Structure formats: structure tokens, C-alpha cells
Amino acid sequence: EPLLTDHVAVITGAASGNGRAIARRFAAEGADVVVADLQKEPREGGEPTHEVLEAETDARATFVECDVTSVSDLENAVEAAEEFGGVTVMVNNAGIFHGEEFLEVDEEAFDRMMDINVKGVYFGAQAAAKRMVEGDGGSIINLASVAGLEGSGEFVTYCGTKGAVRLLTYSMAGRLGPDGIRVNAIHPGLIETTMTTDDYAIIGTDAEAGFLESIPARRAGQPDDVADAAVYLASDLADYVNGESLVVDGGMSNT
Ligand code: NAD
């Protein structure tokens with residue numbers, strides 16, 4: 001029995017990487033999917049996500065151009081889900097990373113990361129929750145990071161944004177739980193996407209082997225590892241799970 005029959009998901013940043021894997025797993029489990037992204041093309045290459053879903057599964061899928069820093073774009077993405085019956089699962093996945101040196105970060109770079117990683121999550125959740133309270137509730141999943149569990153002098157701004165996602169998640173869970181809406185966070189470790197091959201180039205570099213020593217699984221995670229966690233949190237299997245951080249890091253952070 002598919003786990004997400006009759007569900008309608010809006011997934012931000014689903015053109016590429018983790019969001020694309022989540023979209024594919026959701027569609028395979030029977031959900032219809034709105035892909036909301038700045039661009040249709042995957043950063044890593046390949047066919048647009050919504051086209052892959054339609055070709056591989058029976059799910060309905062559509063693409064909506066959406067910049068998560070724009071509240072009206074997020075509202076449009078939620079509105080687009082009406083075509084499939086209305087949003088029941090919101091995945092606030094869009095996020096950016098850039099390596100930084102604390103003393104050199106300028107105001108523009110700071111604002112951009114805060115706007116995408118924090119404001120985008122807040123208003124994505126708000127737009128979805130407004131619709132979910134009119135329906136049968138739903139599930140909101142926010143992409144945090146192991147960088148939202150503990151600080152790092154190497155990525156000060158990124159850790160700040162992901163720490164904010166963690167406490168926004170817990171706080172929204174408290175506010176929305178009585179309305180039948182669960183809000184949880186996924187905290188991935190090192191996952192192989194363009195974020196970790198290009199933006200924070202570790203995979204495929206000389207530094208990779210040393211980094212893997214810190215991961216008990218001795219491998220980088222794949223976007224499907226994150227997608228499996230998202231399926232669980234979206235589904236009825238997690239019906240009593242609210243305000244939780246699900247860490248998907250091959251054992252890196254607790255060991
Ligand atoms: P990615 O760069 O592969 O994909 C990100 C997607 O988000 C792209 O399709 C991009 O176009 C889209 N996007 C960027 N800015 C946007 C905006 N303003 N509006 C709408 N869409 C936008 O990255 P990824 O690795 O798949 O990351 C997805 C999420 O997972 C992020 O929140 C990231 O912080 C988190 N994460 C990733 C890792 C990792 O190791 N890859 C680890 C922890 C957390």
C-alpha cells in the first residue's frame with residue numbers, strides 16, 4: 001500500500017538535489033507534487049523534476065516558478081496545489097550554502113541567506129498552514145541541517161539560519177498541532193548534491209576521505225536517504241511525531 005495516497009505536496013527547491021529526490025519518492029508513494037523552484041532545470045543536470053515524475057509514476061506533477069524570499073510566490077505555489085485538491089504536505093527545502101569567513105561576510109550575503117533559509121521557511125509554512133486549517137490538517141517538513149544542531153566557526157551564518165529553522169519548527173509545531181498540523185525538521189549531514197560538490201566543495205576533493213572518517217557510515221549520504229526520512233514524516237506512520245528533529249547523517253553528529 002503506497003504511503004502517500006491522496007496527498008498533495010508542495011516542495012520548494014525541488015528542481016535539484018534533496019528536493020528532487022523527495023519529489024520522486026513522494027510521487028512513487030502516490031502523492032501529487034507541485035515543484036516550486038527558481039528554475040526548472042536540475043542544478044546537477046537531467047530532465048526537469050515534474051517531467052520525470054509524470055514519466056515515472058501515475059502522480060500528477062506541475063512546476064511553479066517560485067522564489068521563496070517572496071511571500072506572494074510562496075502563496076502562488078500553495079495555490080497551484082488546488083489543481084490537485086489542495087496542499088496536505090509542505091516541504092520547505094530550498095536553501096543555500098556558501099563558504100564564508102565571518103570577518104568578511106557582507107550585509108548582502110547575510111541578508112540573502114537569511115531570506116532564503118529562514119524567511120522562506122517561515123512564510124512557506126504560513127502559506128501552507130492557512131490552507132491546511134481549512135482542510136484536514138497536514139504535515140510541514142523543514143530542511144534544517146546538522147549545522148542547526150551545533151555551531152561552527154567555519155559557517156557562522158549558515159549555522160545561524162539552520163538553528164533558526166530548528167526552533168521555528170518546534171515553535172510552529174506548538175502553534176499548529178491543535179489544528180491537526182504536524183511540523184518537523186530533517187537535519188541532513190553530508191549529502192551528495194551540488195551544494196557539497198560545488199558550493200561547499202568537499203565531495204570529490206582531497207578533503208573527502210578525512211571528512212568520511214568522522215561519519216560512522218563511512219559514506220556521504222544520498223538525496224534518497226533524505227527523501228526516505230521525508231516520506232516517513234509526511235505519512236501517517238509519523239502521526240504522533242510533532243516538533244521533532246530527525247537527523248539523517250550516518251551517525252556523524254552523535255558519535
Ligand atoms: P541544491 O543546491 O542541490 O538544491 C537547492 C535547490 O533550491 C535548487 O534547485 C535551487 O534552484 C533552489 N533554490 C535556491 N534558492 C531558491 C529560492 N530563493 N527560491 C526557490 N528555490 C531556490 O541543494 P541541496 O543540497 O539539495 O539542499 C536542499 C536543502 O537541504 C537545503 O535547505 C540545504 O541547506 C539542506 N541541506 C543540504 C545538505 C547537503 O549536504 N547537501 C546538508 C544539510 C542540509
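This is a predicted model: local features need pLDDT of at least 70, side-chain atom pairs count only at pLDDT 80 or more; totals for chains, interfaces and linings use all residues.
Student: What is phi of arginine 218, which is not a glycine?
Tutor: The backbone of arginine 218 has a positive phi although the residue is not a glycine. The value is about 55°.

Student: Where is aspartate 6 found?
Tutor: Aspartate 6 is a residue other than glycine with a positive phi, near 70°. With 12 C-beta neighbours inside 10 Å it counts as exposed. As for its place in the chain, aspartate 6 is found in the segment before β1 (8–12).

Student: Why is α4 described as roughly parallel to α5?
Tutor: The axes of helix α4 (residues 107–132) and helix α5 (residues 156–176) come within 9 Å of each other and cross at roughly 15°. Angles under 35 degrees count as roughly parallel, and so α4 is roughly parallel to α5.

Student: How many residues of the contact of α4 with α5 are nonpolar?
Tutor: On the α4 side the contact includes Phe110, Met113 and Val121, and on the α5 side it includes Val165, Leu168 and Met172. The residues of this contact divide into 3 polar, 1 charged and, as the number asked for, 14 nonpolar.

Student: In which handedness of crossing does α1 pass α2?
Tutor: Helix α1 (residues 17–28) and helix α2 (residues 49–56) pack at an angle of about 25°, with their axes 10 Å apart. That angle makes α1 roughly parallel to α2. The contact is made by Arg20, Ala23, Arg24 and Ala27 of α1 together with Thr49, Val52 and Leu53 of α2. The crossing in which α1 passes α2 is right-handed.

Student: Which elements give two or more residues to the shell around the ligand?
Tutor: The ligand is surrounded by 30 residues, and the closest are Gly13, Ser16, Gly17, Gly95 and Thr193. The residues of this shell divide into 13 nonpolar, 14 polar and 3 charged. The elements that give two or more residues to the shell are α1 and α6 (194–199).

Technical notes
Residues are numbered from 1 along each chain as its sequence is written. Axes are lines fitted to C-alpha atoms, for helices over the stretch in contact, and angles run from 0 to 180 degrees between N-to-C directions. Helices (H or I, at least four residues) and strands (E, at least two) are DSSP runs, numbered from the N terminus. Angles under 35 degrees count as roughly parallel, over 145 as roughly antiparallel, 65 to 115 as roughly perpendicular and the rest as oblique. A crossing is left-handed if the near helix is turned anticlockwise from the far one by less than a right angle, and right-handed if clockwise. Two residues are in contact if their C-beta atoms, placed from the backbone, lie within 7 Å. A residue is near a molecule or strand if its C-beta atom, placed from the backbone, lies within 6 Å of it. Ala, Val, Leu, Ile, Met, Phe, Trp, Tyr, Cys and Pro count as nonpolar, Asp, Glu, Lys and Arg as charged, and the others, Gly among them, as polar. A residue is buried if 20 or more other C-beta atoms lie within 10 Å of its own, exposed if 12 or fewer, and partly exposed in between; C-beta atoms are placed from the backbone.
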